[in-house]
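Here is a friendly walk through the model shown below. Have the sequence and the 3D view side by side as you read.

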Amino acid sequence: MFCEMCFTRGGYELKCVSCCAHLVLKTRPDKIRAQAMLHHIQKYPQSPKRGEILKIVQEAINAGI
Ligand SMILES: [Zn+2]
């Protein structure tokens, strides 16, 4: 799933799992910041589930991004 922000990178859409994963990936390799970012994202009622975000984060890491 992608949103307009994914392509323009003018910002981040917290309803978009891809944007959320990008935000988490930006914190690497700081795991504490990553957890804080996930926590922050989860505060939004329409945000994707933590597991969905982490799945994309893991895929990106596996792909070497
Ligand atoms: Zn997006």
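Of the 65 residues in the chain, 15% are buried, where buried stands for 20 or more other C-beta atoms within 10 Å of a residue's own, exposed for 12 or fewer, and partly exposed for anything in between, with C-beta atoms placed from the backbone. Please keep in mind that this is a predicted model, in which local features need pLDDT of at least 70, side-chain atom pairs count only at pLDDT 80 or more, and totals for chains, interfaces and linings use all residues. Residue numbers start from 1 along each chain as its sequence is written.

**Overall build**

The chain has four helices and zero strands, in the order α-α-α-α along the sequence. Its radius of gyration is 11 Å, close to the 11 Å from the globule rule for 65 residues, so the chain is as compact as a globular protein of that length. That radius is taken over C-alpha atoms, and the rule is 2.2 Å times the number of residues to the power 0.38. Along the principal axes, the C-alpha atoms fill a box of roughly 25 × 25 × 20 Å. Among contacts with a separation of 6 or more, 37% join residues 24 or more positions apart; a contact here means C-beta atoms, placed from the backbone, within 7 Å.

The helices named in this report are DSSP runs (H or I, at least four residues; strands are E, at least two), numbered from the N terminus:

| Helix | Residues |
|---|---|
| H1 | 4-8 |
| H2 | 17-26 |
| H3 | 31-42 |

**How H2 meets H3**

The axes of H2 and H3 come within 8 Å and cross at roughly 155°. That makes H2 roughly antiparallel to H3, a term for angles over 145 degrees. Axes are lines fitted to C-alpha atoms over the stretch in contact, with angles from 0 to 180 degrees between N-to-C directions. From H2, Cys-20, Leu-23 and Val-24 meet Ala-34, Met-37, Leu-38 and Ile-41 of H3. By class, this contact has seven nonpolar, no polar and no charged residues, with Ala, Val, Leu, Ile, Met, Phe, Trp, Tyr, Cys and Pro counted as nonpolar, Asp, Glu, Lys and Arg as charged, and the others, Gly among them, as polar.

**Two loop details**

Between H2 and H3, the loop contains Pro-29, which is joined to Arg-28 by a cis peptide bond with omega about 0°. Arg-9 sits in the loop between H1 and H2. Phi of Arg-9 is near 50°, a positive value in a residue other than glycine. Arg-9 is exposed, with 9 other C-beta atoms within 10 Å.

Note on methods. Contact = placed C-beta atoms within 7 Å. Parallel < 35°, antiparallel > 145°, perpendicular 65-115°, else oblique.
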